[in-house]
Amino acid sequence: MKKRTKKIVTLSMTALMGVSLAACGGSGGDGKGNGADDHSASSSDKEIVYWNIGTESPDKDVIAKAVDKFNSETDSGYTVTVVPTQNDTYKEKLVVAMSSGECPDMYSCWSGGPMYEYIDSGFGQPIDDLFHNSEIEDKLMDSAVGQATYNGHIYAVPYQNVSMSGIFYNKEMFEKYGLKEPETLEELENICDTLKKNNITPFALANGSKWTGSMYFMNLAARYGGLEPFQKAVEGEGQFTDECFIKAGEKIQEWVKNGYFPEGVNSLSEDDGQAKQLMYQETAGMLLCGSWYTGTFATDSEEFYQKIGWFPFPAIEDSQADPSIMIGTVGDQFLVFNCEGEKLEAAFECAEAHLSDEVIEFEVENGKIPPVKGIEDKLTDPITKEVVEAANNASEIQLWYDQYLPPAVSTAHLDGLQEVFGLTMTPEEAQESMQKAMDEYLAGKAE
């Protein structure tokens, strides 16, 4: 692949260098990939280098199936080489490549702030013509296409999963202690107290990756105040010190003090599987995370998966916020293209393979929810059907903060919130730090 010499937007790349190393919806793993060498961004004329985070099943298997389909069926003359990288180091790797003026021919990323930064910096090409002349235009959910659109142009192909935040729980454990799915936060806390009395950690959480703890904050903030405070703060018309954000931080610290999370929660690694191991060992009863965990549980142990139930984050009793609001993304991963001409056409063809009927069927079999219309009719797994129902019934779906926000603001949010979990910073201090980063970003944007 040719080295790109486009002028890099100073603000964008400065912000990117401070980007969070965490990201929702990843696969984790050892970072060794699935047989491909750790290619640099450079490629030969007929090779398409494809970076992604598919280092563990089922994600790596889905990507392999799509790429194998392209490589075996294409008449373009191009071959795609897959280069997977562990979730927590992926964004940093992309930034290093871009800051040196290079970037892979195609790469998966999350929608929102970071993707917009990549595009603004010249490492994402509009694909309007290709998209509108393809079969996937009518196949994809409208909301997924919306998250792939920036400044009126389509820049990415969403694939892989509809990911909604929710709480997985051990059904056998709930039955043993006479517990049922909660509808209110008070009922959820009663469940936590019952589990604690029986020497079971209520929530399996590995917050070394930071974004995992953000799941709690986002859900609490949405249940306390809805989405308007967040939207206004992003637009500069409000503040991240709004009451709903402070209450969310205070509730997290209350839960930390009550022992609702594992000891040393900030030192546990999500990518090393330390949260799910607490579920497998049955030393924890619940896990709040993205619905991609359906595939994780089912792939690791179908027998254990039969013990798992799921429910959306419950309502808060005295709040006027709409409890149907969900936190998540419609697409989970988005393919962005950094090539032109025939190579771009070939790379787009590979992206189309990710949404082929056989790959979609394979994803469904492995607990994924591809972002295509009518997917609910293909689902047989009860949890994935519940997730799609919650998404369809949601009045609004808030994209994960660490994806939606500008990278520097996302970093301030995740860093401050980890301090909140560690009881080393007050919710007020954490939110003031986040607001300061937002003010600086808006001021720089206005210059």
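Predicted model: local features only at pLDDT ≥ 70, side-chain atom pairs only at ≥ 80, totals over all residues.
**Helix pairs**

| Helix pair | Residues | Angle | Axis separation |
|---|---|---|---|
| H2 and H16 | 59–73 and 341–353 | about 130° | 8 Å |
| H20 and H21 | 407–421 and 427–446 | about 170° | 9 Å |

H2 and H16 are therefore oblique to each other, and their crossing is right-handed. On the H2 side, the contact is formed by Ala 66, Val 67, Lys 69 and Phe 70, while H16 contributes Ala 346, Glu 349, Cys 350 and Ala 353. Classified by residue type, this contact comprises six nonpolar and two charged residues, with no polar ones.

For the second pair, the angle of about 170° makes H20 roughly antiparallel to H21, because angles over 145 degrees are counted in that class. From H20, the residues Ala 408, Val 409, Ala 412, His 413, Gly 416 and Val 420 meet Pro 427, Ala 430, Ser 433, Met 434, Ala 437, Met 438 and Tyr 441 of H21. Ten nonpolar and three polar residues make up the contact of H20 with H21, and no charged residue takes part.

**The enclosed helix H14**

Helix H14 spans residues 293–300; six of its eight residues are buried, so the helix is largely enclosed by the rest of the structure. The buried positions are Tyr 293, Thr 294, Gly 295, Thr 296, Phe 297 and Ala 298. Their cover includes three strands, S6 (156–170), S8 (284–290) and S9 (308–311). Helices H13 (274–280), H15 (302–305) and H18 (382–393) are also among the covering elements.

In soluble globular proteins, nonpolar side chains tend to be buried together. In this model, the largest nonpolar core has 124 residues, of which Phe 203, Phe 240, Trp 255, Met 286 and Phe 337 touch the most other members. The greatest contribution to this core comes from helix H10 (residues 211–225), which supplies nine residues. Another core, of 22 residues, lies apart from it and has Met 98, Tyr 107, Tyr 118 and Tyr 150 among its members.

**Arg 223 in helix H10**

Helix H10 also holds Arg 223. With a relative accessible area of 3%, Arg 223 falls under the 20% limit and is therefore buried. Beyond its neighbours within four places in sequence, Arg 223 is in contact with Phe 313, Pro 314, Ala 315, Ile 316, Ser 319, Ala 321, Asp 322, Pro 323 and Ile 325. One of these residues, Asp 322, is 99 residues from Arg 223 along the chain, yet their C-alpha atoms are separated by 7.2 Å.

How values were computed:
Residues numbered from 1 in each chain as written. Heavy atoms only, no water. Axes fitted to C-alpha atoms, helices over the stretch in contact; angles between N-to-C directions. Helix = DSSP H or I, 4+ residues; strand = E, 2+ residues; numbered from the N terminus. Parallel < 35°, antiparallel > 145°, perpendicular 65-115°, else oblique. Left-handed = near helix turned anticlockwise from the far one by under 90°. Contact = heavy atoms within 4.5 Å. Nonpolar A, V, L, I, M, F, W, Y, C, P; charged D, E, K, R; others polar. Buried < 20%, exposed > 50% of the residue type's maximum accessible area, 1.4 Å probe, protein only. Core = buried A, V, L, I, M, F, W, Y, C linked by side-chain atoms within 4.5 Å.
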